Amino acid sequence: DTATTEIYTLSYTTLFRSRMEKAVELLMTTSDKTYIIAEKVGYADPNYFSYAFKKQYSMSPSKYRTANS
């Protein structure tokens, strides 16, 4: 049903944004490696985390850290 699909999409989007915001915070405030940050924000696969991060911010997590430090 459409309402269920919309709720699922909103929930997924909220979760994704929350994870990415936390990842940015960790990139800026810790020296943790990318795979550690991936685990901390709920990604079991660090490669998928990097893919999702790059899709959101147009650069890899490590480049984001370097560019914004």
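By about how many helical turns are E25 and K22 separated in helix α1? Being three residues apart in helix α1, E25 and K22 are separated by about one helical turn.

## Basis of the model

This is a predicted model, in which local features need pLDDT of at least 70 and side-chain atom pairs count only at pLDDT 80 or more, while totals for chains, interfaces and linings use all residues. Residues are numbered from 1 along each chain as its sequence is written, and side-chain values use heavy atoms, with hydrogens and water left out.

## Fold and dimensions

The chain contains four helices and zero strands, so that the order of elements from the N terminus is α-α-α-α; helices (H or I, at least four residues) and strands (E, at least two) are DSSP runs, numbered from the N terminus. The C-alpha trace spans about 45 × 20 × 20 Å along its principal axes.

Among contacts (heavy atoms within 4.5 Å) between residues at least 6 apart in sequence, 50% join residues at least 24 apart.

## Surface and charge

The accessible surface of the chain, from the Shrake-Rupley method with a 1.4 Å probe, is about 5,000 Å², and carbon and sulfur atoms account for 54% of this area. Of the 69 residues, 25% are buried, where buried means under 20% relative accessible area, exposed over 50%, and partly exposed in between (1.4 Å probe, protein chains only).

There are 9 positive and 7 negative side chains, and the centres of the two sets lie 10 Å apart. Lys and Arg count as positive and Asp and Glu as negative, with His and the chain ends not counted; each charge is placed at NZ of Lys, CZ of Arg, CG of Asp or CD of Glu.

## Nonpolar core

A nonpolar core is a set of buried Ala, Val, Leu, Ile, Met, Phe, Trp, Tyr and Cys residues joined through side-chain atoms within 4.5 Å. The largest such core has 14 residues, of which M20, A23, I37, V41, Y43, F49 and F53 touch the most other members. Helices α1 (2-29), α2 (34-40) and α3 (46-57) each supply at least two residues of this core, and the largest share, six residues, comes from α1.

Leaving aside residues up to four places away in sequence, F49 touches M20, A23, T34, I37, A38, V41, Y43 and P61.

## Salt bridges

Two salt bridges are found in the whole structure, each being a side-chain nitrogen of Lys or Arg within 4 Å of a carboxyl oxygen of Asp or Glu. In one, E25 pairs with K22, the closest N and O atoms being 3.3 Å apart. E25 is partly exposed at 41% relative accessibility, and K22 is partly exposed at 37%.

D32 forms a salt bridge with K40, with the closest N and O atoms 2.5 Å apart.
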